[in-house]
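This report describes one protein chain for a reader who has the sequence and the coordinates at hand.

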Amino acid sequence: FFFQAEDGIRDAQESRGLGDVYKRQIMELLLLVFTFGYILQHVASTILIVKIRRQKTIEGLSFESQVIFIIGAFVRCIWVFDTRLRKLYLVWIELLLSLVLSGYIIYLFRKYKDTTFTVIHNPFNYKLLLAVCIVLSFIFHPGEKNKYYLTMQMLVSFSMFFEACGLLPQIYLLRKIGEVEAMTGHYLFFLALSRIFRMIFWIQMYMAGAVSYTHLTLPTIYSVQISVVAVSLKKKQ
């Protein structure tokens, strides 16, 4: 599997032929696609920070989504040490940006917590999503019993499932409000774009036989979110 020690993201053995070299090059390219998806998410976070600082309000924004993103970033910082991703400087830059931007957004939410006037019960509570994703990561992960079953492989799956659900609270909130403000629309656009790149990554990994069919739930969640965002932005126009 992509995230296990013998191959993929984790440390691979020395190449023994042109075929191995070619596969390793493809893997490196996929890793860049995977990382670039997160970089686009940081562009979205930067837009969100500018929006909050400029408007001094968090009206129409989901605190639940931001909590999910920062928890996902912390978890990725743990399991990345067990993968080949740790050898890419871009990954460490991306992780640092993720923690700094997410932490600052949480701070802004706390600072302007009294500036929101729309009270909506959001069923996509981060605690509920956290519990669901923990269960999913225990059942569906790349490890095998008596080998990798209770290792960081569970954290890999957890962070993937949890971050895939990260946009759900924000989408639900905006659908209930019924309108998308301009900068919020830009924020959603880059979040959707980041999911397109990660969706490409997971589909390519499945086609290469590096992940099981259960991990197709990730691009499925991404595609639904992208579709909803696209419809929301179209209505705004």
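The sections below treat confidence, fold, charged pairs, aromatic pairs and selected local features.

## Basis and confidence

This is a predicted model, in which local features need pLDDT of at least 70, side-chain atom pairs count only at pLDDT 80 or more, and totals for chains, interfaces and linings use all residues. Residues are numbered from 1 along each chain as its sequence is written, and side-chain values use heavy atoms, with hydrogens and water left out.

The pLDDT, which is the predictor's confidence in each residue from 0 to 100, averages 77 over the protein chain. A score of at least 70 is reached by 73% of the residues. Confidence is highest in helix α3 (residues 89–111), with a mean of 92, and lowest in helix α8 (residues 217–236), with a mean of 58. Residues 1–15 have a pLDDT below 50, and this stretch has 53 contacts in the model beyond near neighbours in sequence. A contact means heavy atoms within 4.5 Å.

## Overall fold

The protein chain has eight helices and zero strands. Helices (H or I, at least four residues) and strands (E, at least two) are DSSP runs, numbered from the N terminus. Among the contacts with a separation of 6 or more, 79% are between residues 24 or more positions apart.

Of the 237 residues, 49% count as buried; buried means under 20% relative accessible area, exposed over 50%, and partly exposed in between, with a 1.4 Å probe and protein chains only. The chain exposes about 12100 Å², of which carbon and sulfur atoms supply 65%. Accessible areas come from the Shrake-Rupley method with a 1.4 Å probe, and for residues only the protein chains shown count as cover.

## Salt bridges

Side chains of opposite charge can pair when their charged atoms come close. A search of the whole structure finds three salt bridges, each defined as a side-chain nitrogen of Lys or Arg within 4 Å of a carboxyl oxygen of Asp or Glu. In one of them, K51 pairs with E181, and the closest N and O atoms are 3.1 Å apart. K51 belongs to helix α1 (residues 18–55) and E181 to the loop between α6 (168–177) and α7 (182–207), so this pair ties together parts that are 130 residues apart in sequence. K51 is buried at a relative accessible area of 2%, whereas E181 is partly exposed at 32%.

R76, E94 and E163 are linked in a network of salt bridges. E94 and R76 meet at 2.9 Å, N to O. With E94 in helix α3 and R76 in helix α2 (residues 63–79), the pair ties together parts that are 18 residues apart in sequence. E163 also forms a salt bridge with R76, with the closest N and O atoms 3.1 Å apart. Here E163 lies in helix α5 (residues 153–164), so the pair with R76 in helix α2 ties together parts that are 87 residues apart in sequence. E94 and R76 are both buried, and E163 is likewise buried.

## Aromatic pairs

The whole structure contains eight aromatic pairs. Rings of Phe, Tyr and Trp (its six-membered ring) pair if their centres lie within 6.5 Å; planes under 30 degrees apart count as stacked, over 60 as edge-to-face and the rest as tilted. One of the pairs is F36 with F197, which is edge-to-face at 4.9 Å centre to centre and 75 degrees between the planes. F36 in helix α1 and F197 in helix α7 tie together parts that are 161 residues apart in sequence. F36 is partly exposed at a relative accessible area of 35%, and F197 is partly exposed at 25%.

F158 and F162 form a stacked pair, with 5.1 Å centre to centre and 20 degrees between the planes. These residues are four apart in helix α5, and are therefore separated by about one helical turn. Both F158 and F162 are buried.

## Selected local features

Q66 lies in helix α2 and is buried at 3% relative accessibility. Leaving aside neighbours within four places in sequence, Q66 contacts L48, I105, I106, F109 and Y187.

V135, F138, I139 and F140 form a nonpolar patch on the surface, with about 350 Å² of accessible area together. Patches are made of residues with over 30% relative accessible area and no salt bridge; like charges are joined within 9 Å, and nonpolar side chains (Val, Leu, Ile, Met, Phe, Trp, Tyr) within 5 Å. V135 is found in helix α4 (residues 126–139) and is partly exposed at 47% relative accessibility.

K56, in the loop between α1 and α2, has a positive phi of about 55 degrees although it is not a glycine. Most residues other than glycine have a negative phi.
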